Amino acid sequence: MIKEALSKLKTVLPDSNIIYMKTKKYLACAIVLLFAGNQLQAQTLYNAATEAKITGLIQKMTLQEKVAMIHASSSFTSGGVKRLGIPEITTSDGPHGVRFEFGRDWVPDQGANDSGTYLPTGNTLAATWNPALGFAFGSVLGSEANYRGKDIILGPGINIIRSPLNGRNFEYLSEDPYLISKMVVGYIKGVQSQGISACVKHFAANNEEVDRNTVNVLMSERALREIYLPGFKAAVTEGQVNAVMGSYNKFRGQYATHNKYLVNDILKGEWGFKGLLMSDWGSVHSTKEALENGTDLEMGTDLMLMYSNVSQTNSGGTSNKSNMYDRFFMADPAILMVKNGTVKEALIDDKVRRILRVMYLTHMIGSKRAAGSYNTLDHQKTALKIAEEGIVLLKNEGNLLPLNKTSVKSIAIIGENASRENAMGGGSSQVKAKYEITPLQGVKNLLGSSAKITYAQGYKIARNQQADPQMIEQAVAAASKADAAIIFCGWTHGYDYNKWDDNAYDAEGVDKPDMNMPFGQDELVKAVLKANPKTIVVLMGGGPIDVSEWINKADAVLEGWYPGMEGGNALAKIIFGEVNPSGKLPMTFPKKLEDSPANKLGEFPGKNDVVHYNEGIFVGYRYFDTYHVQPQFAFGHGLSYTKFDYSNLAVLAGKDKATVKIRIKNSGKRAGAEVVQVYVKQDNPTVERPEKELKAFTKVFLQPGESKIIELKLNSDAFQYYNEDRKKWVLEPGKFTVIVGGASDQILQTQKITL
Ligand code: BGC
């Protein structure tokens, strides 16, 4: 047994680690670790034959050549060693399309073939609750990245949606670590199935934008373990992600990108991550910390932009652009530190080893990638499918939806969001879309000449813009004359998408000021609802909106997110019933911002560059449920045009796990899909625990009248909490309630078990 374990150990641990494994004590620890779940990451990212080749390469490198590999060589590449046939790594954003070409600087290339597939954003993907679509999404990205000559795609982005205000929520997935974990694994495997590396970001606790470069995030260990880390852990241990991006913020006083606890102790130690940890662009602040605390690759801004007036570099070079990268923390200063004995060269070797490992896996050395593909019909179909499954029907009183294509002879389409293309907005996630079907175009595509379509802009997306009475009047006139009206309102990525810094609301570097729709949209919605009660309100953007001013008057409300290049078609198909909605909210929609836990118990965005996550583990529905605060729309909520019946719940409990069986029937008249959600509640915990937590789900597709028996497993971790004193996950024996339903506030079946 020991012999077998030893030989297995040799194949999963790098040489450098083996050195430390000599004593029996370490060996025993290593074996325990090996069989405790770390082997997955190690097996894929570690291959003995490749390691030997890597050792050979490292032995041939000079210190200068090694250091050239651990920092950027242009805006999106890192250094190679031509002499040894080691190419540069080419990266690209991410996360919902391959970004346009910059060449080696930050000036967009002219005439490049870089208009690609613009996928729905992270929220939409998460709202599908369909991990298979995560894989499909990742495969499209990987394939297009490959076609475009990229090696690493800078996605997925999986930071927890802690507050509705974070400007980058639209790129992220959810407030719930379990949902994130399930979706992220598929995404990563999809990207990497194309021979490309994914890079999960931003590690960790990067949950606000305004002060992201300076803020020091303080939270309990339990919140870190139960809420903020599980998605990353799943990305590493289950998704086998090849690269991780460190975030800008500080965590407990030390920058996250070179945070000893996050990177060395947890990511590379506990989780056994064998790939590379790259910085966010410009997130390294100290050579010594970066070298010692696990940062493998420093990426960043084109220093030419920052030092455009400087003629000489500190490193004695000239102002030649390529030399500018020698100024990076992990460039000349690193060489100096090795030379003067401050750090050991072995630290650099480990970084180079990890980078080379990723290069081998990404077929940059040693093997060739199969060709990728670009802008195929299949890719566009995937974008459509994700939008169709991710759009959420929030409200449908009196079955106003779906509209009937044959009886609606005139329709008013209202709102600038109906005609706005969004692919180029939002910051680094911008995509030059091959095309983008806006909601207005989608309705036109579907209705053709069968109905008269009148468009009214309704409001204007412009800085400091208030309600425009004339525009509202035009919208009211259009709505009152039409059989039905649809308002497309909500957020935007900013004003002029051609200008890099004209960001607002849903964008990098900014947070929203509040949860209210800007540009006087509430006034518009109220006026139109009054003019025509057959008005459908479609919210667009990256998450919760305060709808309290008019929600009681609106019969039909949809959440459309930023649904990608086929989004307009998907929305129209749902509105006219060609597609039955099946999306479920991946985050709670509070009634008011004040109800949101980060605002109520914690701080957002904090003060004087410090933010305390005082709400701890009570993020999202964990807070709303436990503190009995009624949300506007609950986590997991989403309606359908058909009806699902839940029956025959049977939970079979084992020693520390359980199997859940439930029968789901489509008792309506349309085919549809239901996301069956399983939550777990500990009945009398001795420590504070949320009212309930999502621990399993599956999306079931059913024909009218059809029923299926679903079986879901709850493993030991479904019942555990993180015990800060014991520094580990613990299952406290006792009574648990297994809760099954179609939303966190729609409990349909429960059963108590004792573990
Ligand atoms: C963002 C990253 C992005 C990088 C490169 C940074 O500002 O935070 O998400 O991948 O830029 O564009």
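**Notes on backbone and rings**

1. Helix H16 is followed by His363, whose phi is positive, near 55 degrees. This is a predicted model, and the value should be read as a computed one. His363 is not a glycine, and His363 is found in the loop between H16 and helix H17 (377-390). With a relative accessibility of 30%, His363 counts as partly exposed.

2. Helix H16 itself covers residues 345-361, and at 1.5 Å a residue its 17 residues should span 24 Å, which agrees with the 24 Å between its end C-alpha atoms.

3. Asp609 is placed in the loop between helix H22 (597-600) and strand S16 (610-612), and Asp609 is partly exposed, with a relative accessible area of 35%.

4. Two peptide bonds deserve a look on the display. The bond from Gly155 to Pro156 is cis, with omega near 5 degrees, and Pro156 lies in the loop between S3 and H8. Another cis peptide bond joins Lys201 and His202, with omega about -5 degrees, and His202 belongs to strand S4. For context, most residues other than glycine have a negative phi, and most peptide bonds are trans.

5. Turning to the rings, the structure holds 28 aromatic pairs. Phe170 lies in the loop between strand S3 (152-153) and helix H8 (177-193), and Tyr562 in the loop between strand S15 (556-561) and helix H21 (567-575), so the pair ties together parts that are 392 residues apart in sequence. Both Phe170 and Tyr562 are buried.

6. Phe203 and Phe232 also form an edge-to-face pair, at 5.1 Å centre to centre and with 70 degrees between the planes. The pair links strand S4 (residues 197-203), which holds Phe203, to helix H10 (residues 230-237), which holds Phe232, across 29 residues. Phe203 is buried at 0% relative accessibility, and Phe232 is buried at 2%.

7. One aromatic cluster is made up of Trp129, Tyr178, Tyr621, Phe635, Tyr679 and Phe697. Charged side chains also meet rings: Arg162 lies over the face of Tyr613, 3.7 Å from the ring centre, while the charged end of Lys512 sits over the ring of Trp491, at 4.7 Å from its centre.

Notes: Residues numbered from 1 in each chain as written. Predicted model: local features only at pLDDT ≥ 70, side-chain atom pairs only at ≥ 80, totals over all residues. Heavy atoms only, no water. Phe/Tyr/Trp six-rings, centres within 6.5 Å; stacked < 30°, edge-to-face > 60°. Helix = DSSP H or I, 4+ residues; strand = E, 2+ residues; numbered from the N terminus. Buried < 20%, exposed > 50% of the residue type's maximum accessible area, 1.4 Å probe, protein only. Lys NZ or Arg CZ within 6 Å of the ring centre and 35° of its normal. Expected span 1.5 Å × (residues − 1).
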